[in-house]
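Here is a short briefing to read with the model open beside you.

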Amino acid sequence: MKDALERKLHKLVCAGQLDLKTAQREIASDWIEAYKKYVGKSPPAPRVRETKTAPETSTASEVWVNTRSGKYWKPGSRYYGKTKEGEFMSELDALDRGYSPARGTGQ
């Protein structure tokens, strides 16, 4: 969750929407409150995707997220698009939502 907050604050600072000193102070003083303020009150609820095949427009930056375990796999992994519960999304979106890479993610 802290990584998602750091990425969000980074985006805001780079876009000129938040002062760097303010972002540093927010994360140093109480990062949980900062998470609630900038990212959301709680991590997103997992979503189930019924289709398990990779979309035709799949790119190397797209990953398969197992929404139950919270781990993701890259193309080339043996679990890419094959877990019972999951969805395709960009790797940055997966990281922003608090998912983490699985061991042996492939590529």
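Glu26 is buried, with a relative accessible area of 17% (buried means under 20% relative accessible area, exposed over 50%, and partly exposed in between, using a 1.4 Å probe and protein chains only). Its salt-bridge partner is Lys37, and the closest N and O atoms of the two are 3.0 Å apart (a salt bridge is a side-chain nitrogen of Lys or Arg within 4 Å of a carboxyl oxygen of Asp or Glu). Lys37, by contrast, is exposed, with a relative accessible area of 55%.

This is a predicted model, in which local features need pLDDT of at least 70 and side-chain atom pairs count only at pLDDT 80 or more, while totals for chains, interfaces and linings use all residues. Residues are numbered from 1 along each chain as its sequence is written, and side-chain values use heavy atoms, with hydrogens and water left out.

**Around Glu26**

- Glu26 is found in helix α2 (helices, H or I with at least four residues, and strands, E with at least two, are DSSP runs numbered from the N terminus).
- The side chain of Glu26 also makes a polar contact with the side chain of Tyr38, at 3.2 Å (a polar contact is a pair of N or O atoms within 3.5 Å; within protein, one must be able to donate a hydrogen and the other to accept it, and residues adjacent in sequence count only if both atoms are side-chain atoms).
- Setting aside neighbours within four places in sequence, Glu26 is in contact with Trp31, Ala34, Lys37 and Tyr38 (contact means heavy atoms within 4.5 Å).

**Other salt bridges**

- Side chains of opposite charge can pair when their charged atoms come close.
- Searching the whole structure turns up six salt bridges.
- Glu33 pairs with Lys36, with the closest N and O atoms 3.5 Å apart.
- Both Glu33 and Lys36 sit in helix α2 (residues 20-38), three residues apart, or about one turn of the helix.
- Glu33 is partly exposed at 43% relative accessibility, and Lys36 is partly exposed at 40%.
- Glu91 forms a salt bridge with Lys74, where the closest N and O atoms are 3.7 Å apart.
- That pair links distant parts of the chain: Glu91 is in helix α3 (residues 91-96) and Lys74 in the loop between β2 (71-73) and β3 (87-90), 17 residues apart.
- Glu91 is partly exposed, with a relative accessible area of 23%.
- A network of salt bridges links Arg7, Lys11 and Asp96.

**Layout of the chain**

- The chain has three helices and four strands, arranged along the sequence as α-α-β-β-β-α-β.
- Of its 107 residues, 33% count as buried.
- Among contacts between residues at least 6 apart in sequence, 55% join residues at least 24 apart.
- The chain exposes about 7,200 Å², of which carbon and sulfur atoms supply 51% (accessible areas come from the Shrake-Rupley method with a 1.4 Å probe; for residues, only the protein chains shown count as cover).

**Nonpolar cores**

- In soluble globular proteins, nonpolar side chains tend to be buried together.
- The largest nonpolar core has nine residues, namely Ala4, Leu5, Leu9, Leu12, Leu18, Ala23, Ala34, Tyr35 and Tyr38 (a nonpolar core is a set of buried Ala, Val, Leu, Ile, Met, Phe, Trp, Tyr and Cys residues joined through side-chain atoms within 4.5 Å).
- Helices α1 (2-14) and α2 each supply at least two residues of this core.
- Another core lies apart from it and has six residues, including Val63, Val65, Met89 and Ala94.
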